[in-house]
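Visitor: I am new to this structure. Please give me a close look at the salt bridges and the setting they sit in.

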Amino acid sequence: WQPTPPLTPMAMHRLESRLRKDSVVSVLLALGLLEMIGKNCGLAAMRYVGVELAEALVSLVKKRESWRYGLGRNLHKSGMTSWLPQGIAISEDERRMWKQATNKVLEMLQLWADAFLLQEAELQP
């Protein structure tokens, strides 16, 4: 199955916007969809992965290094979350889900590297 060329860039842009959301559930769903696109469409669809989408994936991996994430974790651990607005403190379940998203990104990048390395001759500079 080949991706429809006019729709593929638009789909990748929508995935990129979902990967930048603060909701971990939205991010995990977008990662699952991106994984399915990569597995079912292969190199033809992955040619449309642009700089913005790659930066969104990198930012997911680096998310746990941000000051906001660290502050939210420390406030949640201290029990001082009652006076904070919703979404600032990061619970243990949410931390686990963000870690799952990070691991999913790293796993997908490794799988893509292994899968598309064999098709390197077809790639255009």
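Guide: A salt bridge here is a side-chain nitrogen of Lys or Arg within 4 Å of a carboxyl oxygen of Asp or Glu. Side chains of opposite charge can pair when their charged atoms come close. This is a predicted model, where local features need pLDDT of at least 70, side-chain atom pairs count only at pLDDT 80 or more, and totals for chains, interfaces and linings use all residues.

The protein chain has six helices and zero strands. Helices (H or I, at least four residues) and strands (E, at least two) are DSSP runs, numbered from the N terminus. The chain counts 125 residues, and 31% of them are buried. Buried means under 20% relative accessible area, exposed means over 50%, and partly exposed lies in between (1.4 Å probe, protein chains only).

Now the salt bridges. The count comes to four. One of them joins Glu16 to Arg20, with the closest N and O atoms 2.5 Å apart. Glu16 counts as buried, at 10% relative accessibility. Arg20 is partly exposed, at 40%.

Glu16 belongs to the buried set of helix 1, along with Thr8, Met12, Leu15 and Leu19. Seen down the axis of helix 1, these buried residues fall within an arc of 105°, so they line one face of the helix. The arc is that of the directions from the helix axis to the C-beta atoms. Helix 2, helix 3 and helix 4 are among what covers them. Helix 1 itself has 13 residues and reaches 18 Å from its first C-alpha to its last, close to the 18 Å expected at 1.5 Å a residue. That expected span is 1.5 Å times one less than the number of residues.

Next, Glu35. It sits in helix 2. Glu35 counts as buried, because its relative accessibility is 11%. Glu35 forms a salt bridge with Lys39, the closest N and O atoms being 3.4 Å apart. Both residues lie in helix 2, four places apart, about one turn of the helix. An α-helix has 3.6 residues a turn, so residues three or four places apart point the same way. Lys39 is exposed, at 60% relative accessibility.

Glu35 has another partner. The side chains of Lys104 and Glu35 meet in a salt bridge, 2.4 Å from N to O. Lys104 lies in helix 6 and Glu35 in helix 2, so this pair ties together parts that are 69 residues apart in sequence. Lys104 is partly exposed, with a relative accessible area of 22%. Together, Glu35, Lys39 and Lys104 are linked in a network of salt bridges.

What else does Glu35 contact, leaving aside its neighbours within four places in sequence? The set is Lys104, Glu107 and Met108. Contact means heavy atoms within 4.5 Å.

Leu31 also touches Lys104.

A nonpolar core is a set of buried Ala, Val, Leu, Ile, Met, Phe, Trp, Tyr and Cys residues joined through side-chain atoms within 4.5 Å. In the largest one, with 23 residues, Met12, Leu19, Leu31 and Leu34 touch the most other members. Two or more residues come from each of helix 1 (7-19), helix 2 (24-41), helix 3 (43-46), helix 4 (51-62) and helix 6 (92-117). Helix 2 gives the most, with seven residues.

One wider view to finish. Of the contacts in the protein chain with a separation of 6 or more, 69% are between residues 24 or more positions apart. The link between Lys104 in helix 6 and Glu35 in helix 2 spans 69 residues of sequence.

Terms used:
Residues numbered from 1 in each chain as written. Heavy atoms only, no water.
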